[in-house]
Structures are given as C-alpha cells and as structure tokens.
Amino acid sequence: MSDAKNISPINDDIKINQASNEYIYDFEDGVVPNDEIIEFSPGYGLWGNGASEVYPPYSGLTVAYSNEANNFIRFSERITYFSAYYSIQRAYYVYATNVDGDILTNVDGDQALYHFSGSKVQNELVKFETIQPIYEIKINSNGHSGYNHWVMDYITIKEGGVSGPSELDYKYKSINASLSLNVTIENGTIYDAYLNDELIETQNYENGTISVNISSIFTNFSYSNFSISNYTKYEFANLTLAFHTELNTTLTHFVNVTVYDYTPQIFHDIFDVDHEVGESQILNFNVSDDDLDSLKVYQNNTHLYSTDLNSSMPTLDLNDFIDGSYKLTQYNFTLSFIDSYVNNVNQSLLVNLLDTTKPVLSLFTADDYMETETDGLIRFKAIDPTLSNYTLMINNVTLSTGSVSSNELIEISNANYSEGEYNVTLLLLDRANNSLSFTTSFTVDAYVAPTNTTNTTETTETTETTETTETTETSTETSTEVSTEVSTQTISNAIIPEEPSSDFGSNLLIIIAGIVVGLTGIELFRRQIDKNSK
C-alpha cells in the first residue's frame with residue numbers, strides 16, 4: 001500500500017484530514033496505486049512534466065489520467081466513502097457498485113453522480129458515502145469527441161461497513177476458532193450468521209472490532225461433498241454475516257470457508273510377517289493423526305477385532321485375533337486406522353501362520369490302588385493352540401485314544417488291574433504333527449484279608465471264672481485241685497489282660513477286683529483244709 005499522506009488543497013476552504021480507517025493516494029510521486037486496497041483498470045496512466053493538454057488541479061505536474069471512458073477503480077476491501085479531485089472535460093458520471101455489480105449511488109433519483117464541467121477545465125471535488133459496501137468506482141466521461149478523458153490529482157477512500165477477511169481456512173471440529181471483523185456501522189443491533197444459506201445463530205454487536213465465533217457456527221457441520229488431496233479432506237462452505245441496524249438497513253459480509261481435516265497417514269509399510277500361532281507378536285505403527293480413535297481388523301470385509309487407540313504410535317498383538325482355529329497358511333488382513341472424525345486409512349497385512357512348537361504338558365498323574373478297588377484314574381492336561389489328539393498306553397498296550405483341546409483336562413480309569421507295577425505312556429499330537437511323549441507309572445497292591453481273635457478269648461475266660469467261683473461258694477464238696485486251678489486262672493486273668501486298656505482308671509479297678517477275688521478264693525481253700533483235718 002502506498003504511504004497515505006495528509007494533503008491540504010490550495011483552496012484553504014477545503015481540508016482533508018486522514019482518519020484511522022481512511023487512505024489518501026497522491027500521485028505526486030509518479031506512482032499509480034496498485035496494492036492490497038486499490039486497483040486501477042487498464043487504460044490509466046500518469047501525465048505530467050509540463051503537459052499542456054491538461055491542467056493538474058493542485059498537486060503539481062504528476063497526475064493520474066485516462067483518455068478512455070468507463071474505466072474503473074476497484075477495491076479489494078469494502079469501503080463506504082470515496083472522494084477525488086478531478087479535472088474533467090465536459091460532463092461525466094461516477095458510478096459505485098457493490099460486489100454483485102449493483103449500482104449503489106442514487107442522487108436526486110439518478111443512479112449516478114452527474115457533473116457538468118462546462119467548456120473549460122474545471123477542478124471538481126467528487127465524493128459520496130453509502131451504508132452499503134463499495135467494491136468499484138466507475139468514471140464515465142461524457143464529453144464530445146476528443147474530450148473524453150479526465151485527470152485525477154488524488155483520491156481518498158475510507159473503509160466502511162464491515163471489513164475483514166473474505167477467505168478462511170477452518171480445521172474441522174477445532175475449538176476457539178474465531179474471525180475478527182471491523183464494523184463501522186452506526187446504530188447496529190444484531191447480526192445473523194448463515195452457513196450455506198441456513199441460519200445458524202444470531203448475535204448482538206456494537207460498532208468497533210468484533211470476534212465471530214467460527215467454532216460455534218460450524219458445530220453441527222458435517223462433510224457432504226468433500227475432496228481428499230495429500231491426506232487432507234476438505235470442503236468449501238459459504239458463510240454470510242448479515243449486520244442489521246436500527247434504521248432497518250442490512251450490511252452483509254461474505255466469507256468463503258475451506259473446512260479441512262487431516263486424514264490418517266501411515267509412515268511405514270508392514271506387509272508380510274511370519275507368526276507362530278499362539279505366541280504373542282507385537283506390531284508397531286506410526287500414524288500421522290493426533291486424533292486416532294480406534295483400530296479395526298478385517299478379513300474379506302469381515303470384522304474380526306477392534307481396539308481403542310489413544311496415541312499416534314499404536315501397537316497390535318497378532319495373537320489378539322489369530323488363534324489355533326486358523327489353518328497353517330497365509331492370510332491377508334486389512335487394518336483400518338480411524339480418527340475421532342471417522343477419517344480412516346487402511347493398511348494391508350500378510351501373515352504367514354506357522355506352528356513349530358511342541359505341546360507343553362502341564363499335568364500327568366496315575367493313581368496307585370489295591371486289588372478290588374475301582375476308583376483309580378489317570379489324569380493329564382497339555383497346552384498347545386493347535387492340540388489335536390492323544391494316545392494313552394499301559395505297558396505298550398493302547399488304553400484310550402481321542403481328540404483333545406489346549407488346556408483340556410482328560411481323566412481315564414486305570415482300575416481292575418491285578419497286583420504289579422505298570423508303565424503309562426502318553427503321546428500328544430497337534431495339527432502340525434508336533435508330538436510329545438511322556439511316561440509315568442502306577443502300582444497295584446495285593447489284597448490282604450483282615451484278622452481279629454482277642455475279644456473271643458477274653459469272653460470265654462471270664463465266663464469260666466464266674467461259673468467256678470459260684471460253684472465254690474455253694475458246694476463244700478469241690479476238690480482241692482479244682483479250687484486251686486480256678487483261683488490261679490482268676491488272678492492271672494485279672495492282673496495281666498491280653499490287651500491292656502489305654503484307660504488307666506479302668507485298669508486299676510480291674511486289678512483291685514482281682515485281688516479281692518483272689519483273697520476270697522484263698523480263704524475258702526484254707527477253710528476246706530481245716531474241715532478235712534477234723
């Protein structure tokens with residue numbers, strides 16, 4: 001932009017003081033403005049250095065001129081005020097149009113500012129102001145042949161209405177995104193925000209700089225007609241801000257918005273891996289997306305596995321979705337990395353499934369037992385994701401065969417074998433014919449019948465003692481030999497029982513009773529002798 005200057009014309013009655021939002025272009029420096037704000041159409045030029053055809057109004061020898069009708073000055077920013085000092089031959093019109101090309105100027109019912117300069121060169125100050133934004137000033141010299149040119153010393157423009165960016169890039173679902181606009185509208189009330197012609201929200205505003213909440217306007221925006229280029233998903237949207245005033249006028253500001261979002265991108269290739277079935281194998285990925293949400297695994301469009309992600313460096317364990325039910329061959333899987341906004345990138349993964357590991361035995365026992373028992377068992381358990389079948393032999397004779405799964409407990413009876421020691425052999429095979437053989441043993445003991453005679457003897461002797469004692473007391477005819485034998489047995493049985501009781505009190509009572517009975521027998525024996533001697 002050319003340096004704005006504060007210029008006072010020769011006529012001291014006319015003053016132009018530059019405001020903060022006002023730009024003054026003077027052509028004394030010999031440059032026609034062509035920058036961010038103002039652009040002259042082709043046909044403009046510089047005139048100076050003593051040219052006699054035209055007379056610069058105020059500033060000297062260098063002026064902007066055009067010898068063509070209908071040339072224009074175009075503004076890239078919206079303005080509401082325009083003024084210029086012209087030297088015009090004959091009559092001319094000045095038109096102002098908006099972005100749609102509609103003529104905005106309307107003086108005394110005419111859709112243009114009309115001036116008549118007369119037959120001589122005149123210095124004219126042309127200016128007008130409108131509440132609607134101006135995008136283009138068009139000057140039409142309406143003179144006779146040879147006089148359809150005009151000369152301009154300097155122009156003054158003032159930004160007006162709503163000024164600010166007309167292009168905006170917005171990252172999808174980003175927060176705290178805003179658009180700063182400068183509003184110079186008196187008696188402002190509210191503005192309406194339209195997204196693709198749909199009213200989204202209404203907000204109050206005041207003169208000055210305002211901040212439009214773009215994140216709020218695009219809260220419910222969803223992609224419908226997007227394109228993807230260089231891992232970027234984008235769609236164009238039209239944002240219209242309609243500013244209303246108390247005077248029932250409306251000033252609009254248009255913004256072309258590019259809504260974009262980065263799609264995930266994988267920075268390395270994992271195409272072909274060997275995988276031992278049943279073993280953990282971790283794959284590491286590097287994905288260019290900070291909003292990764294999940295990873296899904298597919299085979300032939302069939303969903304096999306999903307996991308949540310919270311990092312741009314996700315990992316995947318092949319053992320999470322490949323198990324022993326898979327055949328030992330090559331598989332093609334599709335890995336889909338998905339971000340929080342349903343953008344995804346797919347990765348093809350070839351897996352060569354191998355099985356070189358033998359089964360691992362975790363339990364193998366055989367019960368010992370005695371002949372005639374029937375509850376002996378052989379138990380075993382093995383770990384192998386492709387475990388297939390087993391064979392169980394006792395002394396090299398097959399006892400049982402069948403299918404078996406990993407970590408399945410098998411129990412088989414080994415009862416009804418005769419006395420002896422037996423070897424048990426277990427053979428395990430998986431689907432890849434990896435085998436495991438292991439041997440243990442069990443013993444069968446001979447049967448022994450139980451024996452018990454102690455209680456019968458004690459009962460017999462006790463009965464005999466009791467009967468002998470009663471006979472001695474009631475009959476005096478019993479012989480000395482018999483009495484002696486009875487007394488001796490009684491003492492013997494009382495003092496020394498065959499199986500002593502573990503109860504000390506009971507044993508003591510038995511001993512005392514025996515002594516009493518023995519003394520009684522002796523006394524009876526003595527009396528019998530005395531009787532015989534008489």
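Asp-367 sits at 23% relative accessibility and so counts as partly exposed, the class between buried (under 20% relative accessible area) and exposed (over 50%), with a 1.4 Å probe and protein chains only. The model is predicted, so local features need pLDDT of at least 70 and side-chain atom pairs count only at pLDDT 80 or more, while totals for chains, interfaces and linings use all residues. Residues are numbered from 1 along each chain as its sequence is written, and side-chain values use heavy atoms, leaving out hydrogens and water.

Asp-367 pairs up with Arg-379 in a salt bridge, 3.5 Å from N to O; the term takes a side-chain nitrogen of Lys or Arg within 4 Å of a carboxyl oxygen of Asp or Glu. Arg-379 also bridges to Glu-411, with the closest N and O atoms 3.1 Å apart. Together, Asp-367, Arg-379 and Glu-411 make a salt-bridge network.

The whole structure has three salt bridges. One of them joins Asp-261 to Lys-171 at 3.4 Å between the closest N and O atoms. Asp-261 belongs to strand 18 and Lys-171 to strand 11, so this pair ties together parts 90 residues apart in sequence. Asp-261 is buried at 1% relative accessible area, whereas Lys-171 is partly exposed at 25%.

Notes:
Helix = DSSP H or I, 4+ residues; strand = E, 2+ residues; numbered from the N terminus.
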